[in-house]
Amino acid sequence: MNPLSRRTLVRTALLGGASAALTALTAGTGPAARAAAPFVPVLPAPTGPHPVGVVRHTFTDRDRTDPWDPALGARQVVVSAVYPARTVAGLPRAPQLTPAEAPVFGTLAPLVRGLPAAGVDWAGTLTHAHSGAPPLPGRRPVVLYTPGGGDARTLGSGLAEELASHGAVVVLVDHPGEASQVELPDGSVRETVLFGPPDPVTFRTMVDTRVADLRLVLDRFGELPLGTGPDPRRTGICGHSAGGTAAALLAARDPRIRAVADLEGYLDLEPWPGHRPLLLMATDGFEGAERIARSWAGLRASRRTLRAANHWVFTDHAAVVPQLHAAGLVTDAVRDGLVGPGDAAAAFAAVRRELRAFFGGALGGTCR
């Protein structure tokens with residue numbers, strides 16, 4: 001197996017669940033691009049009353065050596081803080097991917113998920129958050145977001161903006177070394193360094209590294225230029241897939257986390273303590289559904305299963321993949337393997353409503 005194939009396999013295995021991702025990988029890339037100009041995907045707008053701002057920040061943990069590449073030295077964690085803004089007048093909307101990240105994602109996309117090899121302007125997709133907007137004054141509930149294994153934090157943009165537009169601060173956390181791509185402060189783009197499907201030891205290293213990354217963000221939240229700190233009684237976490245696993249582990253170890261939303265992540269690494277609000281959301285198309293069911297059995301939680309849906313319907317792919325399918329840029333099989341054959345936009349809207357209601361009830365009404 002050549003090195004490119006090995007790198008492809010690990011991204012496939014880590015993207016939330018190996019079997020579902022392999023389905024997307026083997027389904028093919030779909031027809032060639034048919035439009036004269038590259039297609040630009042559009043993300044769903046937030047529904048809340050507040051405009052949304054965003055700032056990027058990098059935390060450096062000099063007490064930890066990077067677990068994936070010790071030669072890099074101190075661990076770096078890149079985040080985007082998404083928040084309700086006082087005004088966004090005259091400020092640009094932030095791109096989903098930076099100019100440096102977009103070509104890397106474009107190279108990986110057809111190899112990892114069966115997304116188009118050509119015909120898509122990944123750098124052109126804009127979020128609905130405005131770079132550097134002044135924050136709305138006041139202390140607010142905080143929600144950390146940790147993405148699926150192998151995914152970048154940017155796939156959580158639609159969820160973060162929705163919560164922020166309703167009054168919460170959401171911190172999207174990247175985990176360099178296993179994230180598909182992330183631009184570092186020096187302008188370089190770091191890709192995953194893992195090879196092959198993760199064995200249990202590697203998976204444990206992955207989620208424990210995420211827990212340490214998330215604790216770093218909590219410990220040094222005041223470094224973010226938001227003008228206020230989190231309310232210690234109103235801090236929650238949302239994680240997709242491997243991020244859901246890490247979210248639960250963090251909550252079990254850190255009393256600052258008051259509520260957990262697990263979007264189709266396994267909870268069989270450690271017992272759930274059971275004394276904090278827990279939201280469990282799943283799809284009926286995920287090929288890891290049996291393990292999910294076993295790991296969630298007996299847990300006291302709010303539950304929701306999305307029908308005719310698949311694993312990445314919890315991410316911005318819920319908006320992007322159907323657009324690519326309608327444009328003839330991906331096959332039915334790729335669409336179904338990523339977000340399912342149903343109405344992915346409606347499913348994603350339901351996910352956003354569920355998260356607003358859950359965190360609004362658990363952390364305070366401003367998320368509703």
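These questions and answers go through a predicted model of one protein.

Me: How many helices and strands does the protein have?
Reply: The model is a predicted one, with 368 residues in the protein. Its secondary structure comes to 10 helices and 12 strands.

Me: What percentage of the residues in the protein are buried?
Reply: A residue is called buried when its relative accessible area is under 20%. Of the 368 residues, the buried ones make up 56%.

Me: Among contacts between residues at least 6 apart in sequence, what percentage join residues at least 24 apart?
Reply: A contact here means heavy atoms within 4.5 Å. Counting the contacts between residues at least 6 apart in sequence, the part that joins residues at least 24 apart is 75%.

Me: What is the accessible surface of the protein, and what percentage belongs to carbon and sulfur atoms?
Reply: The accessible surface comes to about 13500 Å². Carbon and sulfur atoms account for a percentage of that surface, namely 56%.

Me: What is the volume of the largest cavity?
Reply: Rolling a probe the size of a water molecule over the atoms shows where empty space is left. A search of the whole structure finds 5 cavities of 30 Å³ or more. The largest cavity has a volume of about 100 Å³.

Me: Which residues lie nearest the centre of the largest cavity?
Reply: The lining of this cavity divides into 6 nonpolar, 5 polar and 2 charged residues. Of the 13 lining residues, those nearest the centre are Q96, L97, F105, T154 and L155.

Me: Is T154 buried or exposed?
Reply: T154 is found in the loop between strand 5 (142-146) and helix 4. Leaving aside neighbours within four places in sequence, T154 is in contact with Q96, L97 and D316. Its relative accessible area is 9%, so T154 is buried.

Me: How do the residues lining the second largest cavity divide into nonpolar, polar and charged?
Reply: The second largest cavity holds about 80 Å³ of space. Its lining includes T245, A248, L249, Y266, D268, E270 and W272. The division is 9 nonpolar, 1 polar and 2 charged.

Me: Which elements give two or more residues to the lining of the second largest pocket?
Reply: About 250 Å³ of space lies in the second largest pocket. It is lined by 18 residues, of which V54, R56, S80, A94 and P95 lie nearest its centre. The elements that give two or more residues to this lining are strand 1 (52-65), strand 2 (74-84), strand 3 (93-95), strand 4 (126-131) and helix 4 (157-165).

Me: How many of the residues of helix 4 are buried?
Reply: The buried residues of helix 4 include S157, L159, E161, E162 and S165. Helix 4 is largely enclosed by the rest of the structure, because the number of its residues that are buried is 9 of the 9.

Me: Which residue follows helix 4 and has a positive phi?
Reply: The phi of this residue is near 115°. The residue that follows helix 4 is G167.

Me: Which residues is A129 in contact with, leaving aside its neighbours within four places in sequence?
Reply: A129 is in strand 4, and it counts as buried because its relative accessibility is 1%. The C-alpha atoms of A129 and Y83, 46 residues apart along the chain, are separated by 8.5 Å. The contacts of A129 are V52, G53, V54, P92, R93, A94 and E161.

Me: What is phi of S241?
Reply: S241 is found in the loop between strand 9 (235-240) and helix 6 (242-253). S241 is buried, because its relative accessible area is 3%. Its phi is positive in a residue other than glycine, with a value near 60°.

Me: Where is E264 found?
Reply: Phi of E264 is positive, near 60°, in a residue other than glycine. At a relative accessible area of 2%, E264 is buried. E264 lies in the loop between strand 10 (259-263) and strand 11 (278-283).

Me: Which residue has the backbone oxygen that the side chain of N310 reaches?
Reply: N310 is in the loop between strand 12 (302-306) and helix 8 (317-326). N310 is buried, with a relative accessible area of 6%. At 3.5 Å, its side chain reaches the backbone oxygen of G285.

Notes: Residues are numbered from 1 along each chain as its sequence is written. This is a predicted model: local features need pLDDT of at least 70, side-chain atom pairs count only at pLDDT 80 or more; totals for chains, interfaces and linings use all residues. Side-chain values use heavy atoms; hydrogens and water are left out. On a 1 Å grid over the protein atoms alone, a cavity is a set of points where a 1.4 Å probe fits but cannot get out, and a pocket is an open set with protein on both sides within 12 Å along at least five of seven lines; lining residues have an atom within 4 Å of a point. Grid points are joined across faces, edges and corners, and a volume is the space filled by probe spheres set on the points. Ala, Val, Leu, Ile, Met, Phe, Trp, Tyr, Cys and Pro count as nonpolar, Asp, Glu, Lys and Arg as charged, and the others, Gly among them, as polar. Helices (H or I, at least four residues) and strands (E, at least two) are DSSP runs, numbered from the N terminus. Buried means under 20% relative accessible area, exposed over 50%, partly exposed in between (1.4 Å probe, protein chains only). A polar contact is a pair of N or O atoms within 3.5 Å; within protein, one must be able to donate a hydrogen and the other to accept it, and residues adjacent in sequence count only if both atoms are side-chain atoms. Accessible areas come from the Shrake-Rupley method with a 1.4 Å probe; for residues, only the protein chains shown count as cover.
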